[in-house]
Amino acid sequence: MGSVTTSHEMGLHEEQLTGRTQQMYFSATEEENYTYPWGYEVDYANSAEFDAADLSISEINLKIRELMQSGHGTITVKNPRAKHSLGVGILNRLNLNFEGSLGYFGCGLIDGPNVRITGRVGWSCAENMMAGTVVIEKNAGSLFGAAIRGGDLVCKGQAGARVGIDQKGGTIIVGGSVGAFTGFMMQRGRMILLGDTGDNLGDSMYDGTIYVGGKIASLGVDCVETELTDLDRKYLKGKLDLYGMETPNGIDSIIKLTSGKQLWNYDNLEPTEKKLVL
Amino acid sequence: MCGIAGLIWKGGVTSDIGSEMTQMLQALKHRGPDSTGFALYGKGEEGVHVLRFKVAEQEEMKTGFDIHRQVIERKAAVDTRLEEMGAEVTTREDATEYAFRYHFKFGGDLKRLIDYIEDLDSVEILSVGKGLELIKDLGDAALVSEQYGLSGFVGTHAIGHTRMATESDVDIRSAHPYWAYPFNDVSVVHNGQLTNYWTNRRDLERRGHRFMSNCDSELIAVYIADRIDQGDELEPAMKRSIEKLDGVFTYLVATSDQLGMAKDVMAAKPMVLYESDEFVGLASEEVAIRSIFPREIDTWDPYQGEVKVWAA
């Protein structure tokens, strides 16, 4: 609480008064502040289900919102039939179950819900997720968890190319193999890949950690192997146990990869260049 | 963007592939509503060729001067040339006012016959084959399918395409699928862009191949035709194409009894695959496969640089 107040007292947030910022401040001491001000009051014990076979994409998403509004905390969607953009933009605590497969952009831009998908997901699942969990029982398409910032994203099958591209936080777990350019330009967060990986794993990653249980086709630029510590082993075991998953060849066979930071040269201008810039 | 789809029934099983492909492509309509094309593979009859050709573009039909008379004249000219070359036409059907379907018997050099007919102004042969029938026109899948009466078309496999024109015009000649002239029963659909189109096109043109449009996708059909001409089987030809063609692409090729898919090394374009003991379905999006299999199915994305071929 103190630091927030202090910075306000120091006048660092004056722009907020004029309405020019979208920043919001949360206090850990007040429980309701963990949710958005416009969040719905939902009860996990209050469950509902509906059949999505004959509904359009926006009808399904509106239906989920209506059910949240009426206080349902557990929602089951039947027959999603691989439609695109289902379960997107949910900024609420919620247990959401999809009995079937999703198309592209499933559960994108979410902040908070726990989602279970019994089928498969298409491209860009959980893109830009902020918090919550998404657990997929079957395979995932390319761009799985692109630019996620937080939460746990779990695929028990195999995933396509460019998994976790531009990842900025959170954890991505894939039980099977992944395609090329996985972890491309990763900036933070962790990725646990239990199967084989495609070419250029972790290409140009800035930071973050990638754990690999299978064979690596090739590493990308500036992605380097590093030592697996006891802390890593403990973390991996905890995370994998949580989702009922196992390393294929034991925890010690896991390869830990991180950024070599050889590309961190954005401020290493030659003195003459610096003069030009300044 | 474009959407592509393919299906094949294994073990020589036949089905109403006309309706199935229409449903798949209609589900992909949002990926490109400019034009829709089908390459359907029926059983065919020994010694009989199916010829699909058109004598005008839709735009021309709307605005062309005296076009309705010209269309009749162009068709008559095709008939004359077929007769001159000694082809015995058994059936003649008008699919539309400007597109036709013929069955003919011919014992001579097919390439010479085709070249002679295409030499006519505005005449384009869409396909020649024993089983292949290639249909393409402007509009969505339901429209084209109804216009050409495709529901109830029985066959073993098919590929199709819904187009969002990015590299060339919206007309029938730039629509997919492309027939791999002059090879019987070979057709291609493509989703993506090729960046070394002109280099390859000039090379292939010097070696006597024909390009009908300025659409980059046509290059794949001509390239595969060239490889088959040089004695390659379908699978090695496709593997080679991944090295040779530059850009982002996922494409499907069908021959009289095979269906193949290839994906570029960046895996930049989508493809979802469903395979069971009796059926293989491929599409840019899972919704297309689910339009013919409403039940839950296991699907996955093939990886970068992957080539797969299935037999009917």
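Student: Into which domains is chain B divided?
Tutor: This is a predicted model, in which local features need pLDDT of at least 70, side-chain atom pairs count only at pLDDT 80 or more, and totals for chains, interfaces and linings use all residues. Residues are numbered from 1 along each chain as its sequence is written, and chains are lettered from A in the order in which they are written. Domain bounds come from an automatic or database domain assignment. For chain B they give domain 1 (3-40 + 140-311) and domain 2 (45-129).

Student: How many residues of domain 2 of chain B are in contact with domain 1 of chain B?
Tutor: Two residues are in contact if their C-beta atoms, placed from the backbone, lie within 7 Å. Twelve residues of domain 1 of chain B meet this test, and on the side of domain 2 of chain B the number is 14.

Student: Which residues of helix H3 (residues 67-84) of chain B are buried?
Tutor: Helices (H or I, at least four residues) are DSSP runs, numbered from the N terminus. A residue is buried if 20 or more other C-beta atoms lie within 10 Å of its own, with C-beta atoms placed from the backbone. In H3(B) these are B:Val71, B:Arg74, B:Lys75 and B:Val78.

Student: Why do the buried residues of H3(B) line one face of the helix?
Tutor: The arc is that of the directions from the helix axis to the C-beta atoms. Seen down the axis of H3(B), the buried residues line one face because they fall within an arc of 95°.

Student: Which residue just after H3(B) takes a positive phi?
Tutor: The angle is about 85°. The residue is B:Gly86.

Definitions and conventions: A residue is buried if 20 or more other C-beta atoms lie within 10 Å of its own, exposed if 12 or fewer, and partly exposed in between; C-beta atoms are placed from the backbone. Helices (H or I, at least four residues) and strands (E, at least two) are DSSP runs, numbered from the N terminus.
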